[in-house]
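Reader: Could you walk me through reading this structure? I would like to start with a strand and its neighbours, then move on to the helices and the ligand.

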Amino acid sequence: MTERVVREEIDKLAELLHVPAERVQHLAHLGYDNLLALRQRVTTSLADKYDEEHRRLRLYRRSVPLRVAVPLAAKILPPRLIGRAAASALDDSEMERALRVLSGMDPGLVADAAPYIDPRVIARFAHLAPPALVHGLMMELLRRNDFSTADLFADYLDESALGAGRAVNEPLITNVSDTARWVAAYRAIESARPDALFVDPLAARLAGERGRAIAEGPVAPRGGRSGWPQVVRTKLIDDLIVDSLAHGCDRVVNLAAGLDTRPYRMDLPAELLWHEADLPALLAEKDELLADEKPCCGLVRTPVDVTDTVALTAFLDAATEGAHRTLVITEGLLPYLTPTQVSALCGALRRPEIRWWLLDLYSPMMRQAVNLSMGRHLGSARWHFAPADGVRFFTGWTAVDTQSLFEAAARWNRSPKPLRLHAHLPGLGTPTKPGQLSLWSGAVRLQQDRFEG
Ligand SMILES: C[S@@+](CC[C@H](N)C(=O)[O-])C[C@H]1O[C@@H](n2cnc3c(N)ncnc32)[C@H](O)[C@@H]1O
């Protein structure tokens, strides 16, 4: 796999230099990260070196209407030249018109040229290009798994301007609690598999028609319709709960528990006390749907808005009373909060009764990919929190376990084919080591620093 991404980098470098790949093959030993950095330096210096030629191209362009020049150039010039010429176009007085013409073109052609655009003009391009053009380009780059190029653009994108926040007429997800039904539907589908990673017999009932409609509808892009990230996350968190109990966990507090049924389906000590919190309407519905079921441990449900720090503190006072090694879970919650709300949560959980915190974490690029591909269906449930510095965001906590969702999905044969490669990309980060290629995600167990050693 690693060889394959290095080979792809070698091919891009050869295309950029306009030489056969064999001529640069000897550079393969540099590895992916260095080859990527080298390609960007070469792109920049070629843009400088051919500045005069680009100036002449601009003059030529003025004598030919853009609606003729741009499609013609796309037909007769190789992508590396179009990418290079884009730098000069972005300096041009006719740039806005050129971008409009590009918008009418096949996003595939724009994506072909994108790796060869001078990295210094990408910010300007992302800022000035019509949203549909940038959206089409990003989706195409993600579809082709060209993450290294998508990464170059991702930092500068304003997802809401790209239409990611503009809702469709009747969004399937009307509020954030619908995401709980959605996850339950995926758990029901997983439970029915002969090789299920877990069995959740209540998931189908809890998901209901609405959950099924969301899971089967157009919300998730094709690569995500199996719900593999949620399924893999569930299994990773199951395992971390079992491990925490083996290491003396004496209380579980599941914040934003949604329609999770672990107190019913897992083999838990009968004397364990498990607290669930979520928004009031969802918990009332859950209480009703599970009224006839008996959990295997003590279970208390409390309506709490976790962004209300006063209410959260009062809840934690009660939920952790008498405990010494509480495990807090916030599975599938943090992306929906703002960084300020997560910081406040982070502070509220730093109390002596709480030892561990299980969470799932996604890179800024993942947030972009989710909002770009699903944003218009997500209503108020668009993603906000995705810290570039990974677990370092959580002051006062240290990551003691980190598992990549991509790697786990590949290991358990749950990832869609194109993403299997992604699990093995060199430079691919994790929440503990956010890498150069920033499409990372993971399930993390944090330990409060006061418990270190
Ligand atoms: C994706 S679901 C995850 C549910 C559950 N943890 C699971 O993995 O099945 C997100 C959950 O966060 C809850 N949630 C969102 N914002 C919340 C808030 N401010 N306070 C409490 N719960 C919240 C929603 O109601 C929903 O149940």
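**Reading the strands, helices and ligand shell**

Author: Gladly! This is a predicted model. Strand β1 (residues 251-255) pairs with strand β2 (residues 273-278) in the parallel sense, over 4 bridges. Within that pairing, Val-253 has His-275 of β2 as its bridge partner.

Reader: Which other strand pairs with β1, and in what sense?

Author: That is β4 (residues 326-330), again parallel and over 4 bridges. Here Val-252 has Leu-327 as its bridge partner.

Reader: Is β1 largely enclosed or open?

Author: A residue is buried if 20 or more other C-beta atoms lie within 10 Å of its own. In β1, 5 of the 5 residues are buried, so the rest of the structure largely encloses this strand. Both faces are covered: Arg-251, Val-253 and Leu-255 lie on one side, Val-252 and Asn-254 on the other.

Reader: Now the helices. How do the axes of α12 and α14 cross?

Author: Angles of 65 to 115 degrees count as roughly perpendicular. The axes of α12 (residues 178-191) and α14 (residues 228-246) come within 9 Å and cross at roughly 80°, which means α12 is roughly perpendicular to α14. Their contact holds 3 nonpolar, 2 polar and 2 charged residues. From α12 come Val-183, Tyr-186, Arg-187 and Glu-190, which meet Gln-230, Val-231 and Thr-234 of α14.

Reader: And which element gives the most to the shell around the ligand?

Author: Helix α12 does, with 3 residues. In total, 20 residues surround the ligand, and the closest are Thr-179, Ala-180, Ala-256, Gly-258 and Gly-332. By class, the shell has 11 nonpolar, 5 polar and 4 charged residues.

Methods. Residues are numbered from 1 along each chain as its sequence is written. This is a predicted model: local features need pLDDT of at least 70, side-chain atom pairs count only at pLDDT 80 or more; totals for chains, interfaces and linings use all residues. A residue is near a molecule or strand if its C-beta atom, placed from the backbone, lies within 6 Å of it. Helices (H or I, at least four residues) and strands (E, at least two) are DSSP runs, numbered from the N terminus. Ala, Val, Leu, Ile, Met, Phe, Trp, Tyr, Cys and Pro count as nonpolar, Asp, Glu, Lys and Arg as charged, and the others, Gly among them, as polar. Axes are lines fitted to C-alpha atoms, for helices over the stretch in contact, and angles run from 0 to 180 degrees between N-to-C directions. Angles under 35 degrees count as roughly parallel, over 145 as roughly antiparallel, 65 to 115 as roughly perpendicular and the rest as oblique. Two residues are in contact if their C-beta atoms, placed from the backbone, lie within 7 Å. A residue is buried if 20 or more other C-beta atoms lie within 10 Å of its own, exposed if 12 or fewer, and partly exposed in between; C-beta atoms are placed from the backbone. Two strands pair if DSSP finds at least two bridges between them.
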